[in-house]
Amino acid sequence: MSEDPRAISKSEIMKLLKEGLVSVHFTKLNGEPRRMTCTWNEDYIPISDEIKTKDDIVEKTEEKKETQSLVVWDHDKADWRSFRLSSIYKVNAEKVNYAGS
């Protein structure tokens with residue numbers, strides 16, 4: 001099975017997440033579609049006991065570095081969430097759109 005050449009790469013989505021809010025559409029493990037407004041931009045991530053500095057954000061996101069999952073700040077749920085890169089079928093960010101098959 002080959003990779004979809006139109007699939008967004010981890011580095012591409014990470015760049016978008018660091019720039020601001022990104023709407024990611026993906027399929028959950030149970031098969032349900034999900035849209036998440038998420039970010040890695042520290043301007044959108046509130047200070048908490050767990051997250052105090054930019055280094056804390058990097059440490060939090062490194063937790064799943066070796067997997068094909070991405071840990072992100074869910075802007076709507078105000079909590080950390082993750083999704084599998086292979087489950088993404090659409091990404092909307094300012095000036096950028098990706099729609100997989």
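Reader: Where does threonine 37 lie, to begin with?

Author: Threonine 37 sits in strand β2, which covers residues 33-39; strands (E, at least two residues) and helices (H or I, at least four) are DSSP runs numbered from the N terminus. This is a predicted model, in which local features need pLDDT of at least 70 and side-chain atom pairs count only at pLDDT 80 or more, while totals for chains, interfaces and linings use all residues. Residues are numbered from 1 along each chain as its sequence is written, and side-chain values use heavy atoms, with hydrogens and water left out.

Reader: Is threonine 37 buried or exposed?

Author: Threonine 37 has a relative accessible area of 14%, so it is buried (buried means under 20%, exposed over 50%, partly exposed in between, with a 1.4 Å probe and protein chains only).

Reader: What does its side chain make a polar contact with?

Author: The side chain of threonine 37 makes a polar contact with that of arginine 35, at 2.6 Å. Such a contact is a pair of N or O atoms within 3.5 Å; within protein, one must be able to donate a hydrogen and the other to accept it, and residues adjacent in sequence count only if both are side-chain atoms.

Reader: And which residues is it in contact with beyond four places in sequence?

Author: With neighbours within four places left aside, threonine 37 is in contact (heavy atoms within 4.5 Å) with Leu21, Val22, Ser23, Trp73, Asp74, His75 and Asp76.

Reader: What lies in the loop between β1 and β2?

Author: Asparagine 30 lies in that loop, and at 52% relative accessibility asparagine 30 counts as exposed. The side chain of asparagine 30 reaches the backbone nitrogen of glutamate 32 at 2.9 Å.

Reader: Stepping back, how many helices and strands does the chain have?

Author: There are 2 helices and 6 strands in the chain, and from the N terminus on the elements run α-β-β-α-β-β-β-β. The chain has 101 residues, of which 36% count as buried. Among contacts between residues at least 6 apart in sequence, 51% join residues at least 24 apart.

Reader: Which residues of helix α1 are buried?

Author: In helix α1, residues 10-19, the buried residues are Ile13, Leu16 and Leu17. Viewed down the axis of α1, these buried residues fall within an arc of 100°, so they line one face of the helix; the arc is taken over the directions from the helix axis to the C-beta atoms. On the other side of α1, Ser11, Lys15 and Glu19 are exposed.

Reader: How many residues does the largest nonpolar core have?

Author: The largest nonpolar core has 17 residues, and those with the most contacts inside it are Ile13, Leu17, Val24, Leu70, Val72, Phe83 and Ile88. At least two residues of this core come from each of α1, β1, β2, β3 (69-74) and β5 (88-93). A nonpolar core is a set of buried Ala, Val, Leu, Ile, Met, Phe, Trp, Tyr and Cys residues joined through side-chain atoms within 4.5 Å.

Reader: What does valine 72 touch?

Author: Not counting residues up to four places away in sequence, valine 72 touches Leu17, Met36, Cys38, Thr39, Trp40, Asp79, Trp80, Arg81 and Phe83.

Reader: Last topic: how many aromatic pairs are there?

Author: Rings of Phe, Tyr and Trp (its six-membered ring) pair if their centres lie within 6.5 Å, and planes under 30 degrees apart count as stacked, over 60 as edge-to-face and the rest as tilted. By this rule there are 2 aromatic pairs. Phenylalanine 26 and phenylalanine 83 form a stacked pair, with 5.1 Å centre to centre and 25° between the planes. Phenylalanine 26 lies in strand β1 (residues 22-27) and phenylalanine 83 in strand β4 (residues 79-84), so the pair ties together parts that are 57 residues apart in sequence. Both phenylalanine 26 and phenylalanine 83 are buried.

Reader: Why is the pair of tryptophan 73 and tryptophan 80 edge-to-face?

Author: The ring centres of tryptophan 73 and tryptophan 80 are 5.4 Å apart and their planes stand at 80°, so the pair is edge-to-face. Tryptophan 73 counts as buried at 9% relative accessibility, and tryptophan 80 is buried with a relative accessible area of 10%.
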